[in-house]
Amino acid sequence: MNKWEENIRKVEPYIPGEQPQEKDMIKLNTNENPYPPSPKVVEAHQNMDTDRFALYPDPSSSELVQALERYYGRESGQVFTGVGSDDVLSLAFLTFFNSDKPVLFPDVTYSFYPVWAKVYQIPYECPPLDEDFRIRPGDYMRENGGIVIANPNAPTSIGMPLRQVEEIIRGNPDVVVIIDEAYVDFGGETVLPLLDRYENLLVVRTYSKSRSLAGMRIGFAMGSRRLIQALNDVKESVNSYTMNMESIRLGAASLEDEEYFQSCLDRIVGTRTRVKRELEGRGFICLDSCTNFLFVRHERKSAGILFEELQRRKIFVRHFGGERIRDYLRITIGTDQQMDRLLEVLDEL
């Protein structure tokens, strides 16, 4: 090893879902929305003044921030935006978890959490989910440096009742509690009603799932003015110009078409309900999903083998190697046509 290599920060990176480029594939591995963005987003895109791309974007993302404040009924200074919820969460880790006490998040959850903790040298511990993959609130009633909970959780798809989430928040008044609601629009219980009650609560969301804009990288957080100001202070110390002009404009436009938004959610939830029933009829055990994906295992067939056989047939799902979840596949809900093809191939297998 060269001497200079001794000072390189060494971490095991997060591994995102595969982004295959094959023709005629069915991509059910990264929980994207199978439907296009709202027509109002398309219109806003077509009307962009591209001459302005030569200028820096608004560093405060005012148009998008104000649109989100109106949509969610928040006051000025209670919304923060970033380049996808990963950017927002990363900054939140950097901003709020600055003690020698361990941050707590479950042993089976979004696998980026431990990566950020290691990158920023934040101590952490992972209370195990119970045998049904559910969080036990009592595990979070101990001294800690902060709490992060994805609700609904990923990759399990399970939602936590609001009363249990509030129990954790109420029991931890001296640290920041982050609730990652990336999938809440598909059937979870949001903690937004608790924001005015708990100054230490930060809610993080994304446009990548329910709003069909994964490619635009739009994420945001809602919380008290003090939390949002702290996030902005760190952001301005790292990179003032995080969001580009187009993401700001299209993100705001998406909020103007509630009818289209709700219709897409209804289609995905309806397909999820049908496919869950169909899979259970084929010998799969499916966890109760509040997301746009199903977390399933088969009574007799190996998840690893099914994953490989599906991929050979150009159907991409997600398989994790963790000890507790290696028997499961995570299957994104696609269009009805895509899901019918998945079921046909599973029948062949």
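Author: Ala, Val, Leu, Ile, Met, Phe, Trp, Tyr, Cys and Pro count here as nonpolar, Asp, Glu, Lys and Arg as charged, and the others, Gly among them, as polar. The model is predicted, so local features need pLDDT of at least 70 and side-chain atom pairs pLDDT 80 or more, whereas totals for chains, interfaces and linings use all residues. Residues are numbered from 1 along each chain as its sequence is written, and side-chain values use heavy atoms, without hydrogens and water.

Reader: How many residues of the lining of the largest pocket are nonpolar?
Author: A pocket is an open set of 1 Å grid points over the protein atoms alone where a 1.4 Å probe fits, with protein on both sides within 12 Å along at least five of seven lines, and lining residues have an atom within 4 Å of a point. In the largest pocket 48 residues meet that criterion, Tyr-14, Ile-15, Tyr-110, Ser-111 and Phe-320 being the closest to its centre. By class, the lining has 13 charged, 13 polar and 22 nonpolar residues.

Reader: Which element gives the largest share of the lining of the largest pocket?
Author: Helices (H or I, at least four residues) and strands (E, at least two) are DSSP runs numbered from the N terminus. Those that give two or more residues to this lining are α3 (84-96), α4 (112-119) and β12 (318-319). The largest share, four residues, comes from α4.

Reader: Which element gives the most to the lining of the second largest pocket?
Author: This lining holds 16 residues, and Asn-232 is among the closest to the pocket's centre, together with Ser-60, Val-65, Gly-77 and Val-79. At least two lining residues come from each of α2 (62-72), β2 (79-82) and α6. With five residues, the element that gives the most is α6.

Reader: Which residue forms a salt bridge with Asp-340?
Author: A salt bridge is a side-chain nitrogen of Lys or Arg within 4 Å of a carboxyl oxygen of Asp or Glu, and the structure holds 27 of them. Asp-340 lies in helix α10 (residues 336-348) and its partner in helix α8 (residues 258-280), so the pair ties together parts that are 66 residues apart in sequence. The closest N and O atoms are 3.0 Å apart, and the partner of Asp-340 is Arg-274.

Reader: Is Arg-226 buried or exposed?
Author: Arg-226 meets Glu-199 in a salt bridge of 3.8 Å, N to O. Buried means under 20% relative accessible area (1.4 Å probe, protein chains only), exposed over 50%, and partly exposed in between. Glu-199, at 45%, is therefore partly exposed, whereas Arg-226, at 64%, counts as exposed.
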